[in-house]
Amino acid sequence: MTALFEYLLRLGDANLILSHRLSEWVGHAPAIEEELAIGNTALDLLGQAQLWLNLAAETKNDGRDADKLAYLRDAGQYRNLLLVEQPNGDFAHTLTRQFFFDSFHYLLLDALAKSSNAAIAAIAAKAIKEVSYHLRRSRDWVITLGDGSDESHRRMLIAIDNLWAYTGELFEMDSVDSELLDAGIAANLAYLREPWLREINSTFAKATLTVPQNNWAQRGGKRGVHTEHLGFLLAEMQFLQRAYPNATW
């Protein structure tokens, strides 16, 4: 039960935190079409986060619901990947982060749709329809920016250099993953690395970009060890709930 709860938090928290990051672009996107696209992606991820956190709450059954899990935990209790909490930076940085995550997220959901846990399989099968669009969009933008102007290409190189070290954690397996994998519930993250790299290599080739060869990885998010960025993000995201506990509309 504890391992399943932890696993569901990881799934929900990654979507929740990335959703908030994307929502920070609302009012600041470079074009009205991107304003709508980024906002819709954020809403998709938020909806998925609610499904995962609701299931986590049902699993734990300690009186907390998805809202309480989202808004009444401290930074060390979050289990999201470090990649998704990284600041937006410029548009190239945001789309590179999104592409790295989308490529992984699609493969993860495809594997989880075969989970022996019926609730997990159902959520994954529903979410992958949205994520297939997310991936198509972020892939197209990586190609457009990478193979665009000298300036867009330069910014993509900076974004890749800044974010690559956070991608290794995507495929890290620990005791939680292994226990649930043995039960047929979880995905084998290590097996996702090769198809993920094929997607990255194929897209980067079209974008005239080079895949870094450095395999050193930042880790810790899945265990609650985060960068300083998450604390600032939560201070904003949780403000109303912290300031007015249990308030309702």
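I'll go through salt bridges, then a pocket, then a surface patch. Keep in mind that this is a predicted model.

Salt bridges first. The count comes to 16. Take Arg79 and Glu6: their closest N and O atoms are 2.9 Å apart. This pair links distant parts of the chain, 73 residues apart. Arg79 sits in the loop between α3 and α4, and Glu6 in helix α1. Both Arg79 and Glu6 are buried.

Next, Lys222 with Asp177. Here the closest N and O atoms are 3.1 Å apart. Again the pair links distant parts of the chain: Lys222 is in the loop between α9 and α10, Asp177 in helix α8, 45 residues apart. Buried or exposed, at 5% relative accessibility for Lys222? Buried, because the cut-off is under 20%. Asp177, at 1%, also counts as buried. Shared partners join Arg10, Asp174, Asp177 and Lys222 into one network of salt bridges.

Now Asp62 and Arg64. Their salt bridge has its closest N and O atoms 2.9 Å apart. Asp62 is partly exposed, at 40% relative accessible area. Arg64 is partly exposed too, at 28%.

On to the second largest pocket. It holds about 150 Å³ of space. Which helix gives the largest share of the lining? That's α2, with five residues. Helices α2 and α3 each supply at least two. By class, the lining has seven nonpolar, two polar and one charged residues. Among the lining residues are Leu16, Leu46, Asp67 and Tyr71.

Last, the surface. Phe239, Leu240 and Tyr244 make a nonpolar patch of about 370 Å². Leu240 lies in helix α11. Leu240 counts as exposed because its relative accessibility is 54%, and the cut-off is over 50%.

Conventions:
Residues are numbered from 1 along each chain as its sequence is written. This is a predicted model: local features need pLDDT of at least 70, side-chain atom pairs count only at pLDDT 80 or more; totals for chains, interfaces and linings use all residues. Side-chain values use heavy atoms; hydrogens and water are left out. On a 1 Å grid over the protein atoms alone, a cavity is a set of points where a 1.4 Å probe fits but cannot get out, and a pocket is an open set with protein on both sides within 12 Å along at least five of seven lines; lining residues have an atom within 4 Å of a point. Grid points are joined across faces, edges and corners, and a volume is the space filled by probe spheres set on the points. Helices (H or I, at least four residues) and strands (E, at least two) are DSSP runs, numbered from the N terminus. Ala, Val, Leu, Ile, Met, Phe, Trp, Tyr, Cys and Pro count as nonpolar, Asp, Glu, Lys and Arg as charged, and the others, Gly among them, as polar. Patches are made of residues with over 30% relative accessible area and no salt bridge: like charges are joined within 9 Å, nonpolar side chains (Val, Leu, Ile, Met, Phe, Trp, Tyr) within 5 Å. Accessible areas come from the Shrake-Rupley method with a 1.4 Å probe; for residues, only the protein chains shown count as cover. A salt bridge is a side-chain nitrogen of Lys or Arg within 4 Å of a carboxyl oxygen of Asp or Glu. Buried means under 20% relative accessible area, exposed over 50%, partly exposed in between (1.4 Å probe, protein chains only).
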